[in-house]
Structure formats: C-alpha cells, structure tokens
Amino acid sequence: MDEVPGSVGTSASFSLRLGQAIFSSASLLFMSLGVEFYSYTAFCYLVTIMGLVIPWSFTLAMVDGYSVLVKCPLRQPGIVLIIVVGDWVLSILTLAAACSTASVVDVLLHANGPYYPPKFCNRYKISAAMAFMSWFLSLASSLFNLWLLPSL
C-alpha cells in the first residue's frame with residue numbers, strides 16, 4: 001500500500017495538525033485579548049469553534065507523533081473515516097467562523113465611522129486571519145486523508 005503524504009500517521013500529518021493547533025490557539029488568543037468580543041455573536045462563534053479545533057488537532061497531532069515514533073501508521077478504515085468526517089465538519093465550521101468574524105470586523109470599521117478603536121479591530125482581523133490559516137490546514141489534512149480512504 002502506498003503511503004499518502006499528509007495522511008494519518010505520517011510526519012506531514014503531524015506538521016499539519018501542529019499547525020492547526022498553533023493557528024487556532026493564536027486565533028483564540030487574539031480574540032480573547034479584546035475584552036468585548038462577547039458583544040457580537042460572530043466573535044463568540046469563533047471562540048467556540050476554536051475551542052473545539054484546538055483539542056481535536058492537538059490530540060491527532062499526538063496520535064501522529066506516536067505513529068511516527070513507533071513507525072506504525074494508523075490504517076484502520078473506520079478510524080480514518082471518523083477522522084475524515086471530523087476534519088470536514090470542523091473545516092466547514094472554521095471557515096464559517098472565520099468568514100463571519102472577518103465580515104463583522106469589516107462592518108465595524110466601515111459603517112458610519114468605527115465603533116471600536118482600531119487597536120481592537122486589528123486584533124480581531126489578526127484573529128480572523130489565523131482562523132483562515134487553521135481552516136486551510138484543516139482542509140488540506142482532510143483532503144489527504146480522504147485520498148487515503150479508498151486505498152484501505
């Protein structure tokens with residue numbers, strides 16, 4: 001069986017998962033630095049989704065790290081299917097959260113003068129950018145695992 005780079009149990013998958021966890025943590029950190037993020041539903045939604053993505057990505061990064069260390073990749077079809085579905089769901093939710101956050105920040109900046117000081121809006125913009133980066137890595141990971149699925 002061919003090994004798909006980026007699929008579960010490879011060093012590329014470990015890198016993707018670690019990147020997801022880092023970008024999600026950064027997004028959550030930048031959003032939480034603004035003390036008034038709870039005033040807008042889109043910001044609360046981003047915090048909630050990043051709170052789901054961080055443990056998912058970190059747990060799978062540990063699984064990938066263990067698989068790389070013992071040189072025994074995870075190749076059970078049921079487990080890979082659960083990972084693919086989980087990645088797809090979290091990827092869609094992350095994209096929705098990043099898009100809604102970016103649009104609310106844009107509205108706050110351009111609707112009849114800024115409602116927030118630019119310092120807060122810059123934090124929210126950085127948070128949305130980090131969420132987009134997390135989404136991109138999650139999408140890549142799910143596509144690599146989906147590519148692996150038919151060969152199992």
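**Helix packing and a surface patch**

In this predicted model, helices α2 and α3 pass each other in a left-handed crossing. Helix α2 covers residues 41–70 and helix α3 covers residues 77–110. Their axes come within 9 Å and cross at roughly 150 degrees. Angles over 145 degrees count as roughly antiparallel, and α2 and α3 are therefore roughly antiparallel to each other. The residues that make up the contact of α2 with α3 divide into 20 nonpolar, 4 polar and 1 charged.

Helix α1, residues 11–33, packs with α2 at an angle of about 155 degrees, and the axes are 8 Å apart. This angle makes α1 roughly antiparallel to α2. The crossing of α1 and α2 is left-handed. In the contact of α1 with α2, the residues divide into 16 nonpolar, 8 polar and 2 charged.

Nonpolar residues are also found on the surface of the model. There, W88, I92, L143 and L146 form a nonpolar patch, with about 350 Å² of accessible area together. Which elements give two or more residues to the nonpolar patch? They are α3 and α4, the latter being residues 118–148.

Note on methods: Residues numbered from 1 in each chain as written. Predicted model: local features only at pLDDT ≥ 70, side-chain atom pairs only at ≥ 80, totals over all residues. Heavy atoms only, no water. Axes fitted to C-alpha atoms, helices over the stretch in contact; angles between N-to-C directions. Helix = DSSP H or I, 4+ residues; strand = E, 2+ residues; numbered from the N terminus. Parallel < 35°, antiparallel > 145°, perpendicular 65-115°, else oblique. Left-handed = near helix turned anticlockwise from the far one by under 90°. Nonpolar A, V, L, I, M, F, W, Y, C, P; charged D, E, K, R; others polar. Patch = residues over 30% accessible without salt bridge, like charges linked within 9 Å, V, L, I, M, F, W, Y side chains within 5 Å. Areas by Shrake-Rupley, 256 points an atom, 1.4 Å probe, with all protein chains shown as cover. Salt bridge = Lys/Arg side-chain N within 4 Å of Asp/Glu carboxyl O.
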